[in-house]
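We'll stop at a couple of loop residues, then a sheet, then a pair of helices.

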Amino acid sequence: MDILRTVKEVQDVVSSMRLEDKTIGFVPTMGALHEGHFSLVRKCVADNDICIVSIFVNPTQFNNKEDLVKYPRNLGRDAQYLEKEGVNIIFAPSEDEIYPEPDTRQFDFGQIDKVMEGIHRPGHFNGVAQVVSRLFDIVKPDRAYFGEKDFQQLAIIRTMVKQLGLPVQIVPMPIVREESGLALSSRNERLTSEQKNIAVAISKTLSESREWIAGCTVAEVVKNVTDTLNAYDELEVEYYEIVDGYTLQSISDWVDSDYIVGCIAVFCGEVRLIDNIVYKAKS
């Protein structure tokens, strides 16, 4: 496994692999890797001749600069894990490599970035689109792998790929959870053991809410989930929305869509956690 730091190094390797007609899979990450990332990596390794993983904490997607500073970083540990998983190349660039000049591009995603995360993290998805499109331009992968925990981000990336006409297949992967049910996240490293035990209530409540939909309206389920979680001293729901899984717009009735997803953001102490649950799967 090679750790490459510059755009030119990656492009040279990719060019040589293309000459050998090898397929290239790509997993973009910000490091602090966990089992959720490794599920993407394993699928990437299985599907492609070459697996490239990027590790880059992208500053343009942090609307909270304190969150950027606190984001966990451990390239040495991440590299050890990735080598064991059969990764061929780690791309770990500096900020100057990714952004030799300020990226001033503004993306228009219609309504899908105007809700949920888009409201509470202004500019976040534009930063995501900037860095992912830049990485796609460098790596030029055949396939790229993203987790469904970041449900809205996945929709944004699919839209971006379509808008830009990029020849890359986006491969979604299911949420990976701890044995307790807590969705895996790099942010979990910032939780105390007591907070982790409390944060389990998020996935537990979402799972239980599936049983409520037979006798409750959409608004009642939203209220029940929110009230249940806010009853914990350490938890504060930032939003919980039940949406059309295609458009990400809130629904008011269970018959409004054939694909319905509940998306949530909750603060556990100072740590912001997201999760989602599918109420009605797409056909």
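Asp21 is exposed, with a relative accessible area of 68%; "exposed" here means over 50%, "buried" under 20% and "partly exposed" in between, using a 1.4 Å probe and protein chains only. Before going on, note that this is a predicted model, where local features need pLDDT of at least 70, side-chain atom pairs count only at pLDDT 80 or more, and totals for chains, interfaces and linings use all residues. Residues are numbered from 1 along each chain as its sequence is written, and side-chain values use heavy atoms, with hydrogens and water left out.

You'll find Asp21 in the loop between α1 (7-19) and β2 (24-29). Helices (H or I, at least four residues) and strands (E, at least two) are DSSP runs, numbered from the N terminus. The phi of Asp21 is positive, near 60°, in a residue other than glycine. Met116 isn't a glycine either, and has a positive phi of about 50°. Here are the two side by side:

Three strands make an open sheet in the order β7-β8-β9, with antiparallel pairing; two strands pair if DSSP finds at least two bridges between them. Why is one side of β7 (235-244) and of β9 (271-280) left without a neighbour in the sheet? Both stand at the edges, and each has a single partner strand. Neighbouring strands here are turned by 15° against each other on average, direction ignored.

Strand β8 (residues 260-268) is joined to β9 by nine bridges. One to look for is Val261, whose bridge partner in β9 is Val278. Helix α9 (residues 193-209) lies across β7, β8 and β9, and runs at about 20° to β9.

Last stop: two helices. The axes of α1 and helix α7 (residues 124-139) come within 8 Å and cross at roughly 50°. Axes are lines fitted to C-alpha atoms, for helices over the stretch in contact, and angles run from 0 to 180 degrees between N-to-C directions. That's why α1 and α7 are oblique to each other: under 35 degrees counts as roughly parallel, over 145 as roughly antiparallel, 65 to 115 as roughly perpendicular and the rest as oblique. On the α1 side, the contact (heavy atoms within 4.5 Å) is made by Val7, Val10, Gln11 and Val14. Helix α7 brings Arg134, Asp137, Ile138 and Val139.
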